[in-house]
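Have the 3D view open as you read.

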Amino acid sequence: MMKTCVILCLALVLVELHTGVCQQPRRKKDQGDSRVRPGKRVKPRPPKTKDPGARGQSLLTQVLEKGRFLRLGNATVLPPGRSVELRCKGSNIGWGYPSYLDTYNDSRLSINQIDKYGQLILTAPSAADTGMYSCWVILCDGKECSKDTDRSYSTYVYFTDKDSLFVPSPIHIELVYLRPDRPAVVPCRVTDPQTQVTLHREVPPQEIPTNGTGVTFDPTQGFVLESPGPELQGVYYCKAQSRGAPQISTKYQLLYVEVPSGAPFVSMETSPDFVLEGDSVNVTCTVLGEPEVPIHFKWIYPNQSSRSAQVHSSWRLVKRGLGHTTRVSQSVLIIKEMNRKDSGSYICKAQNKYGETVVATNVQSG
């Protein structure tokens, strides 16, 4: 009897499913649904947003043949001898390029602003033109103009020349200063990023290892010495190996620097110590500083508006124990035929890129 009841219940469930009693009621279509074709999936479109940087966007490109353009990446390899035209989109564009092109006022370089883009043309490029080329949008507010760092683009261009694996240098021996608080660079840059380069000490003859020694090679800079010490002083050169015979770079004299960075350290002295009226007096201002940091001197002294004086400035490199090298800069103020009006405070101002130091001494004529 129970088995019969179970069979009857299952039969009733099947009948309900067949007649649609258990089906959910259909949703009424909205008015907008009538435009959708049956069976076609429609992907929702995201709302359009305006890109604030899209207008006036600046891109660095190379002009190719037949009006084609190539957007340049971080590095570009080009053959020498063939003119190069670079463009940067924008109505007011600034350019950067290897500094020696300005130093020698090279007529091969041409920069123009043409309507909505800037143009840089370099004719007959050679291995020496290898370096960083960049452009940026210039923003002006009245007379004040500035570089738009958000729209600045650059590429390092290698003008590959099998006969010049190293970027040529006009200097036979270059000075490289070593400091314990910053990396030093032996600037033997190459014209082909795939070139194999090694660093060598001249005396005693030795190849400098680069694996785990704090010495690395960057083709855009040269050999980077992370923590240089006085033991690295000496004469070095780089050797490049490509498909042909090896090539040797210019030589580099590495000198260790004793004086730390900062505003000038100034000393002052007067000669003679006691000045009689009618005598001449020399007031000397001396600065010890970094070898490659120039010093600018300025004098303030009594009766300056009506008194002529001679000023002699000079500098020299001096080795000071353990091979440390210091730049000694001096400025000598010479007053001839002293009189009472020349008595008073003599002030020397010494300035470098880090700051200014002012010292004074009192000079009296008896």
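## A partly exposed leucine and its patch

Leu317 is partly exposed, because its relative accessibility is 33% (buried means under 20% relative accessible area, exposed over 50%, and partly exposed in between, with a 1.4 Å probe and protein chains only). You'll find Leu317 in strand β22, residues 310–319; helices (H or I, at least four residues) and strands (E, at least two) are DSSP runs, numbered from the N terminus. Together with Leu175 and Trp315, Leu317 makes a nonpolar surface patch of about 290 Å² accessible area. Patch members have over 30% relative accessible area and no salt bridge, with like charges joined within 9 Å and nonpolar side chains (Val, Leu, Ile, Met, Phe, Trp, Tyr) within 5 Å. The areas come from the Shrake-Rupley method with a 1.4 Å probe, and for residues only the protein chains shown count as cover.

A word on the ground rules: this is a predicted model, where local features need pLDDT of at least 70 and side-chain atom pairs count only at pLDDT 80 or more, while totals for chains, interfaces and linings use all residues. Residues are numbered from 1 along each chain as its sequence is written, and side-chain values use heavy atoms, with hydrogens and water left out.

## Salt bridges

How many salt bridges does the structure hold? There are 7, each being a side-chain nitrogen of Lys or Arg within 4 Å of a carboxyl oxygen of Asp or Glu. One of them pairs Asp148 with Arg151, with the closest N and O atoms 2.8 Å apart, and both of these residues are buried.

Arg179 and Glu292 form another, with 2.3 Å between the closest N and O atoms. This pair links distant parts of the chain, 113 residues apart: Arg179 is in the loop between β10 (173–178) and β11 (184–186), and Glu292 is in the loop between β20 (281–289) and β21 (296–300). Arg179 is buried at 6% relative accessible area, whereas Glu292 is partly exposed at 36%. Glu290 joins Arg179 and Glu292 in a network of salt bridges.

Then there's Arg307 with Asp342, at 2.6 Å from N to O. Here, too, distant parts of the chain are linked, 35 residues apart, with Arg307 in the loop between β21 and β22 and Asp342 in the loop between β23 (324–335) and β24 (344–352). Arg307 counts as buried at 15% relative accessible area, and Asp342 is buried at 0%.

Most residues other than glycine have a negative phi, and most peptide bonds are trans. Two cis bonds to proline are worth a look. Val203 to Pro204 is cis, with omega near -10°, and Pro204 sits in the loop between β12 (196–201) and β13 (206–208). Ser271 and Pro272 are also joined by a cis bond, with omega about -5°; Pro272 is in the loop between β19 (265–271) and β20.

As for phi, Asp115 has a positive value near 50°. Asp115 lies in the loop between β6 (109–114) and β7 (117–122) and is exposed, at 62% relative accessible area. Ala124 has a positive phi near 45°. The place of Ala124 is the loop between β7 and β8 (131–141), and Ala124 is partly exposed at 45%.
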